[in-house]
Amino acid sequence: MARGLILTTQARATTSSFTTRISLSKPKCKKLLLYRLHLPSRVSSTRFFCCKCSVSQDPIVITEYKQSFSQRMAMAGLKPHHRIAIGVSGGPDSMALCVLTAGWKTDGANAVGKSDDGFINGVLGIIVDHGLREESNEEAQIVSSRVTEMGIRCEIAKCSWLNGRPKQGHLLEEAREMRYEVFQNVCTKHQIEVLLIAHHADDQAELFILRLSRNSGVLGLAGMAFTSQMFSKSTHLYGEGSKNKGILIVRPLLDFSKEVMYKVCQESGQDWVEDPTNQSTVYARNRIRMSLGNLSSYTFQSEVQGVISACRRTRAYVDQICNNLINQAVTIIDHGYAIIDLEILNPSQSYRYMPVKYVSQRNKPIRGSTSKLLLHYIRTVPCKTSFTAAGCYLCPAPRSRGTKILVCCSVNCPQNSKIELICPRINGEQKQNFPTELEQIIADGKSYSNHFVPDASDVHFLDASESVISEAKTLNIICESTYRDILLLKRDEIKHFKLKAEDKVDYKSKNKVESIGASPRTENGVADLGGKSQERHSCSCGIGHDKGAEVRCMSESDWLYLAKLSKCPSLDNSQQQKVPLSSKMEQISEKGSLNLENLEQSAQKALEVLKSIPVAARRSLPVLVNHQGLLLSIPSIGFKHCPCLMVSCEFKPKVPLGGGHSSFI
């Protein structure tokens, strides 16, 4: 939900001191792009203003938009019978998306019907109430009623800010992350696997200038993907044995301008809202949007879109090459680390697809100086040094003579991925997997997009020695005046740009992940540690009934402790000393001797397995320790201090290798 209060459903915005009336005629090319609400300076910048327009008498225009929209949906592999969700904010972009989606669902030979309650089958509008203002709930209700009138069922989802309201400097970023997390949760609840987002061509132009000012390369300048997968951050959203397929984000309006968004709303008589805070120059996107509005000539806009299109063609080409390379060059080990064969890997572009994010399970892309250092590192063959980046530790793989790189989690960096204790479901109960509809949609989208992937002769900007816009001018994609204007926009944004201070991290808590009780529990994903009472544990057990256990990464002290256990002396001394024992004490002694013998054998086997794991990867293995830090189990290699301890470990990444499906056609 965008910020502000909708005060009326008529074309009027009212406060206690003034009234502003808005009358919109049919929008004209370019002038509409510059449309703004100019309000007196005393107006609160946190208020929405409602726009209402009359229905235009030009059905040909809206028909053309609907046909183009249907083509884009087909390119994504979508058909009207598929279940989809729409992210709705109430602005002209998302309202136009609702109009076009409703028409796509109900028109044509493959149209779907309506349910008994009058809603279009298989479509859900999701309105996110960020809850950062008192009036946000009222705004969400008004937008919901408008979308409902179109025949689209709506759900208002409220954000839960467990750590308090986001700070002003991080407000937009954190609100966006929370919004997409809410989208994910609502889609999962309704078993919907496709989410439509209303980003359009003008948003791409803003992002192009923003990333250009941040020195992004051709891959970043390609902008937002037409389709991409978003994966859940929680392992509890998918059951044992199932895959975290996530949801498919589709942006069907990337070929439409902002002008078209207004036209669609006007042609269908649909109200929308405008947010005056979009005029605030505090935020980079607002500054760039205003600057682009001042450069509204057809030549400039078409040439900027031409550069973006060229970048997207190059991105599609690089994606295809690198996806093939990564399957050949990367080997994933069950213990949670990877081996990269540098002799197979093409170092020119493949650094973006290295399994660094896969191993560390970090969501954010690798950018800036880190990506450059990483590229330089893998270009050095043979590899002779170690390197830390994005939560991962890279070093030459043992016995590879520098032709292979080992990638594992770095224990010296704060970990974004969480080591979780997950209990297998009781009585064989498992969550049912979602149907394979999403896999078929992705397959259909890939079969379509593969026909549009260019060959090497039709891609540009791969030469790192020349900037993208300089090469675009050389190739006559942009003229001299457009080149100068883009440089001016880049320069102005660099002036405003301030590096954000990195958040302070408590390095002391980087290894401690979760504390659990020793008594048996099967709720909230906690593993069963075995035993209803202390008597069920052997005399050598390291867990007591009233004690707890923690998960952390393996350390050198754990290795030394295993070595000590592997040489543990037998406790047959009680029999040799011929000390009279009661029958109960004899049973305890026999149990203790047997358990120590098993413990010795278990430690010896664990050492043999650990010797086969490179030292760097060994340090990132999760271990279970008691409240005193004593090693209880290394579940990934099968070591247990006590046979009563029921614990297992599985490397279950939330994001697949390569980051999942994406398309830039």
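**Figure 1. Asp 558 in helix α15.** In this predicted model, Asp 558 sits in helix α15, which spans residues 556-566. Asp 558 counts as buried, at 2% relative accessibility. With residues up to four places away in sequence left out, Asp 558 touches Arg 552, Cys 553, Val 623 and Leu 631.

**Figure 2. Salt bridge between Lys 66 and Asp 107.** The two side chains meet with an N to O distance of 3.7 Å. Lys 66 belongs to helix α1 (residues 59-75), and Asp 107 to the loop between α2 (92-106) and β5 (123-129), so the pair ties together parts that are 41 residues apart in sequence. Lys 66 is partly exposed, with a relative accessible area of 29%. Asp 107 is also partly exposed, at 41%.

**Figure 3. Salt bridge between Lys 258 and Asp 93.** The closest N and O atoms of Lys 258 and Asp 93 are 2.9 Å apart. Lys 258 is buried, with a relative accessible area of 18%. Asp 93 is buried as well, with a value of 16%.

Figure 4. Arg 315 and Asp 319 form a salt bridge in which the closest N and O atoms are 3.0 Å apart. Both residues lie in helix α9, four residues apart, so about one helical turn separates them. Arg 315 and Asp 319 are both buried.

**Figure 5. Helix α8 and its cover.** Helix α8 runs over residues 284-293, and its buried residues are Ala 284, Asn 286, Arg 287, Ile 288, Leu 292 and Gly 293. The elements covering these buried residues include α5 (201-213), α9 (298-329) and α14 (480-496).

Figure 6. In soluble globular proteins, nonpolar side chains tend to be buried together. The largest nonpolar core here has 80 residues, and Leu 78 and Leu 196 have the most contacts inside it. Helix α9 supplies the largest share of this core, nine residues. Leaving aside neighbours within four places in sequence, Leu 196 is in contact with Met 73, Leu 78, Ile 84, Ala 85, Ile 86, Gly 87, Leu 97, Thr 101 and Val 250. Another core lies apart from the largest one and has 26 residues, including Ile 339, Ala 606, Leu 607 and Ala 616.

**Figure 7. Cysteines without a disulfide.** Zero disulfides are found in a search of the whole structure. For Cys 98, the closest cysteine sulfur is that of Cys 154, at 6.9 Å, which is too far for a bond. Cys 98 is buried, with a relative accessible area of 0%. For Cys 395, the closest cysteine sulfur belongs to Cys 408, and the distance of 6.2 Å is likewise too far for a bond. The cut-off behind this reasoning is 2.5 Å between the two sulfur atoms. Cys 395 is buried, with a relative accessible area of 11%.

How values were computed:
Residues numbered from 1 in each chain as written. Predicted model: local features only at pLDDT ≥ 70, side-chain atom pairs only at ≥ 80, totals over all residues. Heavy atoms only, no water. Buried < 20%, exposed > 50% of the residue type's maximum accessible area, 1.4 Å probe, protein only. Helix = DSSP H or I, 4+ residues; strand = E, 2+ residues; numbered from the N terminus. Contact = heavy atoms within 4.5 Å. Salt bridge = Lys/Arg side-chain N within 4 Å of Asp/Glu carboxyl O. Core = buried A, V, L, I, M, F, W, Y, C linked by side-chain atoms within 4.5 Å.
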